[in-house]
Amino acid sequence: QHGAMSLLMNAVLTPYMEGDDLSLETRQLLFSYFGSWSRGMYTMFEVTTGNFIPVTRFLMENVAEGYGAFFVIYRFIVGFAIIKVISGVFMHETFRAAASDDNLMIVQKMRATRKHVQKMEQLMARLDATSNGKIERHEFMQLLKDKSLTTWLASMEVEVDNLNLLFDFVSNGDDAVTFDELVKGIARLKGPARSIDLYGVITRCIELRERLVRLEEMVDTNKVADKVDKVDKVHTCQL
């Protein structure tokens with residue numbers, strides 16, 4: 001790319017360097033910028049990645065003002081489009097490599113856990129009206145009256161459409177939620193279902209199906225046995 005632009009600029013500006021329209025000093029400076037392929041390569045590299053103003057200003061003042069628009073457009077297309085895309089690719093690869101780093105993943109997980117605990121502390125402080133370290137069911141129902149809290153929980157991907165069901169999921173079966181239960185329960189319910197959750201549901205469904213099949217076989221066996229007993233009793237009575 002830089003080589004092609006160097007050849008183009010050299011071909012366009014050679015008549016100005018060889019002619020007498022410009023002063024000797026101006027022609028010498030123009031030659032230093034685009035007098036050869038290697039000089040043009042260096043100049044175009046400077047225009048693309050460095051300060052393009054001196055070269056553009058020189059050509060505008062001494063050759064033609066149209067070079068100002070040309071280099072601005074060139075810098076926008078090449079400097080902002082191509083170079084930024086290449087930089088974005090390198091940054092993406094850097095972030096992808098960092099995301100696979102075990103130590104970094106541990107730090108990010110610990111940071112997310114601390115942030116979650118802090119948010120649950122705020123929720124506990126808002127809902128624990130009696131300050132006894134537990135959230136009663138009637139206190140939990142206050143979420144319905146506080147739109148800011150429901151929106152806040154929704155932003156953490158916790159659905160609050162059915163608060164009674166949510167309370168039962170978070171608590172351990174009693175009518176009060178401790179801080180530890182709140183932290184662990186909300187963490188389990190955040191976001192979409194995980195693979196381990198789906199696998200657990202599928203496994204339990206398979207176990208239930210197997211038990212139902214065995215129960216059905218037992219019922220069928222008992223029915224057959226009852227029929228045999230009835231037949232035996234009939235035969236016995238006839239005898």
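Me: Why is T43 called buried?
Reply: T43 has 2% relative accessibility. Buried means under 20% relative accessible area, exposed over 50%, and partly exposed in between, using a 1.4 Å probe and protein chains only. The value for T43 is 2%, so T43 counts as buried. Before we go on, this is a predicted model, where local features need pLDDT of at least 70, side-chain atom pairs count only at pLDDT 80 or more, and totals for chains, interfaces and linings use all residues. Residues are numbered from 1 along each chain as its sequence is written, and side-chain values use heavy atoms, with hydrogens and water left out.

Me: Where does T43 sit, and what does T43 touch?
Reply: T43 belongs to helix α3, residues 37–49. Helices (H or I, at least four residues) and strands (E, at least two) are DSSP runs, numbered from the N terminus. Leaving aside neighbours within four places in sequence, T43 is in contact (heavy atoms within 4.5 Å) with Y33, F34 and V55.

Me: What does the side chain of T43 reach at 2.7 Å?
Reply: That side chain reaches the backbone oxygen of Y33.

Me: How do you know whether V158 is buried or exposed?
Reply: Its relative accessibility is 1%, and buried means under 20%, so V158 counts as buried. V158 is also a loop residue, placed between α8 and α9. Not counting residues up to four places away in sequence, V158 touches L153, L166, I186 and K190.

Me: And why is H116 put in its class, buried or exposed?
Reply: H116 has 9% relative accessibility, which is under the 20% limit, so H116 counts as buried. H116 is in helix α6, and beyond its neighbours within four places in sequence, H116 is in contact with V183, I186, A187 and K190.

Me: What makes a group of residues a nonpolar core?
Reply: A nonpolar core is a set of buried Ala, Val, Leu, Ile, Met, Phe, Trp, Tyr and Cys residues joined through side-chain atoms within 4.5 Å. The largest one here has 20 residues, and those with the most contacts inside it are L123, F140, L143 and L182. Elements giving two or more residues to this core are α6 (102–127), α8 (147–155), α9 (163–170) and α10 (179–189). Apart from it lies another core of 19 residues, among them M5, L22, F34 and F58.

Me: Why might such residues be buried together?
Reply: In soluble globular proteins, nonpolar side chains tend to be buried together.

Me: Which residues of α10 are buried, and what do they pack against?
Reply: The buried residues of α10 are E181, L182, V183, G185 and I186. They pack against α6, β1 (134–136), α9 and β2 (176–178). Among the contacts of L182 are M120, L123 and I135.

Me: How many helices and strands does the protein chain have, and what share of its residues is buried?
Reply: The protein chain has 11 helices and two strands. Of its 239 residues, 26% count as buried.

Technical notes. A polar contact is a pair of N or O atoms within 3.5 Å; within protein, one must be able to donate a hydrogen and the other to accept it, and residues adjacent in sequence count only if both atoms are side-chain atoms.
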